[in-house]
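Here is my note for a colleague who has not seen this structure before. Please read the points below with the sequence and the model open.

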Amino acid sequence: MTEMLSVQPATLAAIAAMAAVTYATRIAGLFLVGRFNLTGRAKAAFDAIPAAVLVAVVAPVMLATGPAETIAALITGAAAARLPLLAVVAVGVVSVVLLRAVLGLG
Amino acid sequence: MSSTWREARDGLSDISPALVACVPIGLLYGALSAGKGLSLAETALMSMSVFAGGAQFAAVEIWRTPAPVAVLAFSTLLINLRHVLMSASLAPKTGGWASWQRFLGFYVLADENWAMAERRAARQPLTPAYFFGAIVPFYCGWVVFSGLGAVAGSFLGDPKRIGADFAFTALFIGLVAGFWKGRSTAITVVASAVASAGAYWLFGPPWHVAAGAVAGIAAAAVTWRPEGERA
């Protein structure tokens with residue numbers, strides 16, 4: 001139980017930094033209203049941020065781990081175009097388990 | 001008083017699908033977090049103070065011990081920059097709120113409740129009662145189920161056995177689909193994936209996050225064309 005409640009100093013610092021940065025992004029809009037009108041190229045760059053970041057985080061698993069993960073990522077991508085989020089996760093998990101078993105990497 | 005109550009109930013009713021979805025996603029986040037060695041207290045503390053699913057999943061993915069504070073803060077900033085646009089868009093619609101209501105309410109602004117608030121504001125005035133009626137259960141759900149996931153996860157053992165290690169890859173692919181805007185997103189995704197995997201191979205983690213993000217954003221900016229010039 002004490003282990004469950006333990007908090008490491010570095011972890012606490014990381015969480016505090018993440019929380020501060022996140023809150024800053026959430027209230028920034030309150031101060032930027034009327035001064036913040038992105039158009040054209042700048043807007044295209046800003047709109048690309050979520051997808052660029054999300055893909056950057058998981059690309060090593062998708063492309064640099066093994067054939068099972070790469071194929072499962074393609075299957076998951078196809079599912080994501082049609083299914084709700086939870087179903088997408090289920091398809092991804094089931095396909096990676098099957099592919100690892102079939103390819104003998106499990 | 002009764003109208004405040006009605007507003008809060010509308011909020012609860014509108015958020016309920018997202019509330020259901022946050023049960024398994026929260027459990028999954030908690031289990032992955034425990035798998036990376038975070039304690040129950042640390043997992044719950046992150047959910048309470050950061051309260052941003054995408055950034056939290058990313059943080060757990062790149063987590064090492066001891067925690068790389070600057071890398072985690074930078075990754076969180078990049079992933080959450082979209083909040084700037086979300087809050088800027090919601091700011092004029094909350095002009096009648098008290099300051100504390102805005103600063104408390106925007107603390108828990110997330111994709112799901114932001115989208116709901118925008119939908120509400122398009123039809124009728126957005127009241128604090130509606131906003132908090134939606135966010136209080138959603139916030140509690142995320143914290144409680146990520147905590148339960150951390151407890152369950154420490155008993156589950158190796159997440160790879162049941163494919164759970166791939167769950168956030170799949171979740172992120174699903175989230176990207178939610179941001180899909182056609183050709184420009186496809187260009188962003190390809191550039192980010194190639195640069196990230198390349199940087200991971202050359203330099204190792206955590207450089208792949210910044211490399212992929214910068215490449216994806218740059219690709220979207222470089223290939224942008226004014227409306228009239230599109231083929």
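1. B:S87 has contacts (heavy atoms within 4.5 Å) with A:T25, A:R26, A:I27, A:A28, A:G29, A:L30, B:F106 and B:L109, leaving aside residues up to four places away in sequence. This is a predicted model, in which local features need pLDDT of at least 70 and side-chain atom pairs count only at pLDDT 80 or more, while totals for chains, interfaces and linings use all residues. Residues are numbered from 1 along each chain as its sequence is written, chains are lettered from A in the order in which they are written, and side-chain values use heavy atoms, without hydrogens and water.

2. B:S87 belongs to helix α5 of chain B, residues 82-90, and is buried with a relative accessible area of 0%, where buried means under 20% with a 1.4 Å probe and protein chains only. The side chain of B:S87 also reaches the backbone oxygen of B:V84, at 3.3 Å.

3. Chain B is divided into domain 1 (2-164) and domain 2 (180-231), with bounds from an automatic or database domain assignment. To the contact between them, domain 1 of chain B gives 6 residues and domain 2 of chain B gives 5 residues. Their C-alpha centres lie 26 Å apart.

4. Between domain 1 and domain 2 of chain B, about 400 Å² is buried (accessible area lost on being put together, 1.4 Å probe, summed over both), and carbon and sulfur atoms give 91% of that area. Across this interface the rule finds 0 salt bridges, a salt bridge being a side-chain nitrogen of Lys or Arg within 4 Å of a carboxyl oxygen of Asp or Glu.

Conventions
Helix = DSSP H or I, 4+ residues; strand = E, 2+ residues; numbered from the N terminus. Buried < 20%, exposed > 50% of the residue type's maximum accessible area, 1.4 Å probe, protein only. Polar contact = N/O pair within 3.5 Å; in protein donor to acceptor, adjacent residues only side chain to side chain. Buried area = accessible area lost by both parts, 1.4 Å probe.
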